[in-house]
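Hi,

Here is the structure I promised to pass on. My notes follow below it.

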Amino acid sequence: MQQTALNTESTPTANANSDSLSELSATEIIQSRKIIRRRKLVAFAFAAPLIIFIIVSFLAPIGTMLYRSVYHPTVAQLVPATLTALADWDATNNDRPDDRVLNIFAVELKQLAHDRRSGKLAEEINRSLPGSSSVIKSTARKLKKIDQALLQQTGADKLLSLKPQWQNVEIWRVIKKSGAVFTSSFYLTALDLMHNANDEVVARDTQIYVKLYLKSLKIALLITLLTVVIGFPLSYYLATAPTKTANILMVFVLLPFWTSLLVRTTSWIALLQTNGVVNSVLQTLNIITEPLDMLYTQFSTVIAMTHILLPFMILPLYSVMKGIDPTYLRAAMSLGAKPIPAFIRIYLPMTLPGISAGALLVFIVSIGYYITPALVGGTDGQMISNIIAFHMQSSNNWELAAALGSLLLGAILLLYWIYDRLVGVSNIKLG
Amino acid sequence: MNKLKRFGAALALCTAVSPTMAEQFTAVSFGGAYGAAQQKHMLDPYMKKTGHKILFENYSGGIAEIKAQVESGNILWDVVDIEVIDLERACSEGLLEVFPHDTLPAGDDGVAANKDFIPEALSNECGVGNIIWTVLFSYNDKTIKGGTPDSIDDLFDTKTFPGKRALRKRPQVNMEWALLADGVPKAQVYELLATKKGQQRAFAKLDTIKDQIVWFDSWSQAPQLLNDGGAVMVQSANGRIFDAIQSDNKPFKMVWDAHVYDLDVWAIVKGSKKKALAEDFIRYATSSRPESGMQEVAYGPTRNSSYAYVDKAVIPKLPSAHLDEGLQASGEFWADYGESLGEKFNEWLLK
C-alpha cells in the first residue's frame, strides 16, 4: 500500500494508474505484480541462452580486442626496474641514459635471457626500431654468461662493448616509450601516423593502412551498387511472375546461397584464370587474341563477391516487392501517368525499405570480407581484412591487428549512424 | 618352461624398448608430398617400433598458432616441423623447449652426432635440423620463349624471356633475388638489405618486372601456375617442382642459380605434456636412415651419414649438392626486418 502511495506522489501517469488500480485490493495488486514478474522471468529464461551466447561469442571477444589495442603491458612487465630508472631521463635530450640505468638494464636483460624471454623484448622493441631485434638477442645471449654481481657494477661497459648500438639514443627512447602500459601507438600506426622524438604526431614513412581502408570502402560500395543493379530487376521479375515460375527461379537464387563459399570462390578461379573458361571462350570466338588478366585483380574480387552477396540483396527486395499491391501502379497509370514516371514515383519509393535493408546487409558484410579477396584478389584486390589477417598470422602483431579491427568497427558504426541520419533505420524492412 | 622363458624374454625386450605404456602425441608438419615422406620414413617406422601413436597434422608454417597455444596454456601440438626463419624467433620468445643435442644418437657409420650433422642443423638450442630445402625458380620447357634461362638475371629479363613470372607474395627471397640480379655479391646481400638504400634498390629492381609478376600465397600454387600457363617462370620450393617432374612428368626445369636455401627443424612446443616422448621421437626421426627418406621429395638430409642410403642419381638434384650456387636465408635478418619489410612490401604492392 505504501508503494501505491509513493507512486501517487511521483507522476501524473502513475497517479492515473493507481486510480484505475484502486478498484483492486492490495493483495490483488501484489499478486498481479508477481505474475508480471514471473512472465518477465520466463521471457528472460527463453532469451537467456541467446544473451549468454552473444556475450560469450560476440561482446567478450570484441571487448578483449578493444582492450588489447590500447593495453600493452609486455615491456613494462619485462624490464620494470629499467623503466623506473628511465623515468627521470629526458628522452628529447640527445644523450643516452647514464651508466646507472644501463647497469640496471644489463642485469634485467641477463635475467630475461635466463628465463628465455629476451626474444619477447626484442620483438617489441624491433617493432618500433627495425634491426634492434638482433642487437637485443645477441647481447642477451652473451650477458647470460656474465656474473650478475659484475653486471651490477659494469653492466654499462659490457653492453657498449658487446654492441655499439646501445650508445644510440634511439633505442632507449623506444624502450622508454614502449614501457607505457596504455598506449595509443597502435591506433596511430593503423592511421599511418607515429610519434616522433619530440612526441609530435607525424606521418609514418610507410603509408598503407588509410589507403587500404579507403579501398575496402570503395570496393564495398561498388559491390553494393552492383548487387542493386543486378538484384532489382530480378527481384521485380520474381515478385510479379506466376508463383510456379517464381518458385523455380527462387531455387536458383538460393542454390548458390546453400553452396559452400569456398566452392563458389574456387569456381571463379576456374572461370577467370589465364587459360580458364572465359578466356578460352573469348579466344575461340576471336574476340581477343591474348588471354586477359582477370584473376588476381580487383575485378575478380568484385565479381566473385557480388555473386556471393547477391542473395543478401535479392531476398529482402523480393519480400518487400511481394508486399506491394500492384493496383497502386495501375491506379497511377489509369490516372494518366506514363509507365516510367509511375514506376519511379510510385513503385520505387515503396521498394526503398527493401533496397535499404539489402544495401546495408551487403555493404556491412563486404567491407570486412576476407576469404574471397584472399583467394582471388591478387595484390590490387586486397582489402583491410587481409592485412589484419597478416598481422594476426604472420607478423604476430596482435595489438596492431586489434587496433585495425577496432577502427574498422568504428568506421562501420559511423557509417551506420550517417545512414540512420539520412535514410532512417526504421525504414529498413527485411520481409 | 621354454615357452615361459621366451615369454619372459619378450617381456624384457618390450620393457627395454618402451619402458612406458603405449602413448599418443601430436606432430605437425607441412603436408603434401613432404608430409607423406615424413609419414612413411619417420612416423610409421617409429610407431611400429615403439607402439606409440602419433597424430599427424598439417599447418602452413609461422609461429602464430604455436604462440596462441603457449599463451593460452592449451598445448595441442607436441612436435612441430618449423622453418629456421621462424625458429630463431620462436625459441627466443620461449615458445619452444630446449632440445638436449648431446642425446642425439651417432650416425649409422659411427660418427658422433655433433660431427655427423651439418653445423646449421644444430645451431639453435631449440631444434634439430631435419631437411635442407630451397627456394629456386623453375620454368616450363613447353611455354618458355627466347631460350633457356640459367641465371637469376634471366628472371628479371623480360625482353629476352617474355611472359609472366609467379612469385610468392612476401618480401622474403624476392628482396634477395632483386639485389642479386642487380649485381650485389652474395656476401653483401643482407648487409645491404638492412639499409634504406639497399631496400630502395631492391624495390627499384622489382619495379622493372612488377607488371609481369603474378603473386601467389602458397607453394602448392607454384607448379599449378607453371602448368596451366599462368606464368612461364615460377618461384617454388624445390620439392614441389621435383615432385611435379618426377610423379607427373611435367616439362619443368629447375634453375639453381641464386637459390635461397634454408633448413626445416623438428622442435618441441613449450609446455608439451609428452616432452620425453617427443624428444625420443625427434632422436629417431633425425637418425641416419629415416633422414635419408627425405630425398624422395628432393629435400636434402642434414646428416652426412644419411647419404649412404640415398640413391646416387638423386644426389645432384638435392639442394645440398648446389650450396655453392645458393645463398643461405638469414633467420636473424628476417627476425629483424621481417615485419618492417613486410609493411614496406605491402605498401610497394599497393603503389
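**A helix crossing and a pocket**

The crossing of α6(A) and α9(A) is right-handed (the near helix is turned clockwise from the far one by less than a right angle; helices are DSSP runs of H or I with at least four residues, strands are E runs of at least two, both numbered from the N terminus). This is a predicted model, where local features need pLDDT of at least 70, side-chain atom pairs count only at 80 or more, and totals for chains, interfaces and linings use all residues. Numbering runs from 1 along each chain as its sequence is written, chains are lettered from A and ligands numbered from 1 in the order written, and side-chain values use heavy atoms, without hydrogens and water.

The axes of α6(A) (99–114) and α9(A) (148–162) come within 7 Å and cross at roughly 110° (lines fitted to C-alpha atoms over the stretch in contact, angles from 0 to 180 degrees between N-to-C directions). The two helices are therefore roughly perpendicular (65 to 115 degrees). Phe105(A) and Val107(A) are among the α6(A) residues in this contact, and Leu151(A) and Leu159(A) among those of α9(A) (heavy atoms within 4.5 Å).

On to the second largest pocket: its volume is about 1200 Å³ (the space filled by probe spheres set on grid points, which are joined across faces, edges and corners). A pocket here is an open set of points on a 1 Å grid over the protein atoms alone where a 1.4 Å probe fits, with protein on both sides within 12 Å along at least five of seven lines. Its lining has 43 residues, with Met194(A) and His195(A) among those nearest the centre (lining means an atom within 4 Å of a point). α10(A) gives the most, 6 residues.

Cheers

Technical notes:
Angles under 35 degrees count as roughly parallel, over 145 as roughly antiparallel, 65 to 115 as roughly perpendicular and the rest as oblique.
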